[in-house]
Number of protein chains: 2
Amino acid sequence: MAERVGFIGLGVMGAPMAENLLKKGFAVTVSNRSRGAFARFIEMGASAVETPAEVAAVSDVVVTILPDTPDVDAVYFAENGLFSAVRPGMLFIDMSTASPEIAHKIHAAAVEKGADSLDAPVSGGDVGAREGTLSIMVGGSEHGFERALPVLQAMGKNIVRIGEAGAGQVTKACNQVVVALTIEAVGEALALAAKAGVDPAKVRAALLGGFAQSRILDLHGQRALEHRYNPGFRLRLHRKDLAIALQTAEVQGVSLPNTAAVHEMMNVLIAGGHGDDDHSYLIQHLLDLAKSHIQGEQ
Amino acid sequence: MAERVGFIGLGVMGAPMAENLLKKGFAVTVSNRSRGAFARFIEMGASAVETPAEVAAVSDVVVTILPDTPDVDAVYFAENGLFSAVRPGMLFIDMSTASPEIAHKIHAAAVEKGADSLDAPVSGGDVGAREGTLSIMVGGSEHGFERALPVLQAMGKNIVRIGEAGAGQVTKACNQVVVALTIEAVGEALALAAKAGVDPAKVRAALLGGFAQSRILDLHGQRALEHRYNPGFRLRLHRKDLAIALQTAEVQGVSLPNTAAVHEMMNVLIAGGHGDDDHSYLIQHLLDLAKSHIQGEQ
């Protein structure tokens, strides 16, 4: 018999992910404070309840995808949270980008009750969520991973078990570090080119043909050339992810000097009102610092 | 009639490049302090003379590829340098990675004598030099570029005119900034993963499937997993290139904060005896700082 799936977090990412579960024939129970999303999901055939505890009570597998670590903590551990209704044999899948610590906390609590949990953060953005093509980085037991696969395959394509509990969140933190630092690198290069009077479009094209190639140089380099900073992935969310990386680094005793520098640049940009711009706005920031300008399409 | 080509700088890069010119049937005159390389090139059919001035006297086009900006300055402007024998109509192609300033200085001196010049730094390493597949980033006149193309095509594949004199060197500086900062980014991510007990090989593989993808993550990420730091591209040469980028940034009024930070890390590594290791040793440095270790193949 197919698992009954509970789903909490019908946001920009969660809503299309839950929709994909319904389309694949899963029986889905949702809970959300937003009455609008609620009504839509009932029309699509979902069951709707009020609290996380009520979701847990009628589900075998519960998927959560929430904005930040404190939200995850509340949904699992607060009064009427998921763990107030946990039963042996349940599987919790937290797909939020949150700290490795909360993943460990959930896992310990689940195991204590004879349940299981996975941390399974995603990348691929709202487009990947709608198209069911998210990359999913999973931490947790081999057995839990196998059991979760049909559910995860309804929402994503590149689904990899990295290691034990927390490994998914560590991998996502690594991903966000590399993405942020690569955006910054492209920003330094394009600022240098523009200020030195060399066409950044030609520099981008030349660099894409060689060792400096990256998806960021390709896609976000093009964004900067077109001054196109609508999200995409909001800068304030990327700052949140770097904060998770820096906090994890502090706990683990790892030095992330350039991550710290880019986190600081993001602080400046968010204070300046750019938190809801795409994270590629970091490139514009470096161009602005140099008072250098990319000519062309605006 | 084919151009007579002079070639100065028979080093790790220059020797195979000059060899490719000979193979394509160019009449090549070489000059080099190294008697060993000298003899080999005479066997292959090159003419040999003593000084840069003597090379210029018997050549229509002169290619130079030298370790650093001061070497370039000496070969062009010292006593018995190229410019002591310049004739109208000559074309100079400096393929060294050097400062945009020296490119401008050569160009001004060439134009004053009715000659022309291109700055045409390369990427692709000694493998690209041997196989004739170098990427070549060219600054200078359209006319000079067209004239140089048959010569450049004997040595490279991806040959792009970026802009006027100096634009090739600016582009190369941008390339070296992006490469260095991407290596550092990969280093921070793999150090975080390793110290947090997550398999860096799996993190690399997962990140390659998404937005964090880069050639550096692919190739140098793999080097770090195998602890394989034989050059490749020597760390001390990359530091030299970052010094060019930082000096150009200072002249132009551009802030390159993470380039400055990585230059500083390279100073530490070179002081520690790693100047002749591959530049990917920067990843090992960040692993060492965290006292984190990649298990596996040694």
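Helices here are DSSP runs of H or I with at least four residues, strands are runs of E with at least two, and both are numbered from the N terminus. The model is a predicted one, so local features were kept only at pLDDT of at least 70 and side-chain atom pairs only at pLDDT 80 or more, while totals for chains, interfaces and linings use all residues. Residues are numbered from 1 along each chain as its sequence is written, chains are lettered from A and ligands numbered from 1 in the order in which they are written, and side-chain values rest on heavy atoms, with hydrogens and water left out.

A:Gln213 sits in the loop between α9 (200-208) and α10 (215-225) of chain A. Its side chain makes a polar contact with the side chain of B:Gln213, at 3.1 Å. Polar contact here is a pair of N or O atoms within 3.5 Å; within protein, one must be able to donate a hydrogen and the other to accept it, and residues adjacent in sequence count only if both atoms are side-chain atoms. Leaving aside neighbours within four places in sequence, A:Gln213 is in contact (heavy atoms within 4.5 Å) with A:Leu207 and A:Leu208 in its own chain, and with B:Gln213, B:Ser214 and B:Arg215 across the way. A:Gln213 counts as buried because its relative accessibility is 17%, the classes being buried under 20% relative accessible area, exposed over 50% and partly exposed in between (1.4 Å probe, protein chains only).

The contact draws on 57 residues of chain B and 58 residues of chain A. Together the chains bury about 4800 Å², 70% of it on carbon and sulfur atoms, where buried area is the accessible area (1.4 Å probe) that two parts lose on being put together, summed over both. B:Glu188, B:Leu192 and B:Phe211 supply 16% of the area that chain B buries against chain A, more than any other three residues. Between the chains there are 13 residue pairs in polar contact, both residues at pLDDT 80 or more, but zero salt bridges, a salt bridge being a side-chain nitrogen of Lys or Arg within 4 Å of a carboxyl oxygen of Asp or Glu. On chain B, the side that touches chain A gets at least two residues from each of β9 (156-163), α8 (167-195), α9 (200-208), α10 (215-225), α11 (235-252) and α12 (257-271). The biggest giver is α8(B), with 20 residues.

Salt bridges do turn up elsewhere: the count over all chains is 28. In chain B, the side chains of B:Asp278 and B:Arg223 meet in one, at 3.5 Å from N to O. B:Asp278 lies in the loop between α12 and α13 (281-289) and B:Arg223 in helix α10, so the pair ties together parts 55 residues apart in sequence. B:Asp278 counts as buried at 1% relative accessibility, and B:Arg223 is buried too, at 11%. A:Glu19, A:Lys23 and A:Arg40 are joined into one network by salt bridges that share partners.

B:Arg130 and B:Asp126 form another bridge, again 3.5 Å from N to O. Both lie in helix α6 (residues 125-131) of chain B, four residues apart, about one turn of the helix. B:Asp126 is partly exposed, with a relative accessible area of 25%. In chain A, A:Arg161 pairs with A:Glu164 in a salt bridge of 2.8 Å, N to O; A:Arg161 counts as buried at 17%, whereas A:Glu164 is exposed at 52%.

Finally, B:Ser96 lies in the loop between β5 (91-94) and α5 (100-112) of chain B. At 0% relative accessibility, B:Ser96 counts as buried, and a polar contact of 2.6 Å joins its side chain to that of B:Asp94.
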